[in-house]
Amino acid sequence: MLFTEMPVLDHPDAILRPLYPDDVLAWYDYLTLPQVFEHTSWNVQAQSELEHYAWQPQQFTEASALRFAIAGRDNDRLLGTIGFHTVASVNASAEMAYDLSPAAWGHGIATAACASLLKWGHSQIGLTRIQATALP
């Protein structure tokens, strides 16, 4: 996905920023918790499976999947991730997905992050359709 401006998260406790290689261990740690992965499509078996999600703007294309870190506003610690996958530039569509560490649950962070990414996807990226799949 190509863009010139980052999305901005309007939440008092969290920000959106690039997902750095140093975030991968913390991401893996909470994605392997049963209470987290049972509600996502993740089935991560090794930390190395997440490394390619780290920020690599030189590899971005119009159809690139894109993942941002949701981080603590005060300490920059990883709280979760959000982004677009299954990007179809010809249809100007993408699927949004997110995950959060249980420590960040119940504070409205995911709701705010989804709203920010939705607005950014339409206004900055030019997506016409943004969808999400809910897992039972």
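Contact here means heavy atoms within 4.5 Å. Keep that cut-off in mind for the whole tour. The model is predicted.

**Stop 1: the helix across the sheet**

Select α3, residues 109-125. α3 lies across β1, β2, β3, β4 and β5. Its direction runs at about 35° to β3.

Now pick Ala 113, which sits in helix α3. Is Ala 113 buried or exposed? Its relative accessibility is 0%, so Ala 113 counts as buried. Then draw a distance from the C-alpha of Ala 113 to the C-alpha of Phe 68.

**Stop 2**

Five strands form an open sheet, in the order β1-β2-β3-β4-β5. The pairing is mixed. Strands β1 and β5 (129-131) are the edges, and each pairs on one side only. From one strand to the next, the twist averages 25°.

Zoom in on β4 and β5. This pair runs in the parallel sense, over three bridges. Select Ser 93 to find one end of a bridge; its partner in β5 is Arg 129.

Bring back helix α1, residues 24-31. α1 packs on the sheet and touches β2, β3 and β4. The direction of α1 makes about 90° with that of β3.

**Stop 3: the nonpolar cores**

Which members of the largest nonpolar core touch the most other members? Select Ile 70, Ile 82 and Phe 84. The core they belong to has 23 residues. β1 (14-18), β2 (66-72), β3 (78-88), β4 and α3 each supply at least two of its residues. The largest share, seven residues, comes from α3.

A second core is separate and has eleven residues. Select Leu 19, Val 24, Tyr 30 and Leu 50, which are among them.

Ser 101 touches Tyr 30 and Leu 79, leaving out residues up to four places away in sequence. Ser 101 is found in the loop between β4 (93-100) and α3. With a relative accessible area of 13%, Ser 101 is buried, because the cut-off is under 20%.

**Stop 4: the salt bridges**

How many salt bridges does the structure hold? There are three.

Start at Arg 17. Arg 17 counts as buried, at 6% relative accessibility. Asp 23 forms a salt bridge with Arg 17, and their closest N and O atoms are 2.8 Å apart. Asp 23 is buried too, with a relative accessible area of 8%.

The side chains of Asp 76 and Arg 17 meet in a salt bridge, 2.7 Å from N to O. Asp 76 lies in the loop between β2 and β3 and Arg 17 in strand β1, so this pair ties together parts 59 residues apart in sequence. Asp 76 is partly exposed, at a relative accessible area of 36%. Show Arg 17, Asp 23 and Asp 76 together: they are linked in a network of salt bridges.

Finish at Arg 67 and Asp 99. Their side chains meet in a salt bridge, 2.8 Å from N to O. Arg 67 is in strand β2 and Asp 99 in strand β4, so this pair links distant parts of the chain, 32 residues apart. Both Arg 67 and Asp 99 are buried.

Conventions
Residues numbered from 1 in each chain as written. Predicted model: local features only at pLDDT ≥ 70, side-chain atom pairs only at ≥ 80, totals over all residues. Heavy atoms only, no water. Helix = DSSP H or I, 4+ residues; strand = E, 2+ residues; numbered from the N terminus. Buried < 20%, exposed > 50% of the residue type's maximum accessible area, 1.4 Å probe, protein only. Core = buried A, V, L, I, M, F, W, Y, C linked by side-chain atoms within 4.5 Å. Salt bridge = Lys/Arg side-chain N within 4 Å of Asp/Glu carboxyl O. Pairing = 2+ DSSP bridges. Axes fitted to C-alpha atoms, helices over the stretch in contact; angles between N-to-C directions.
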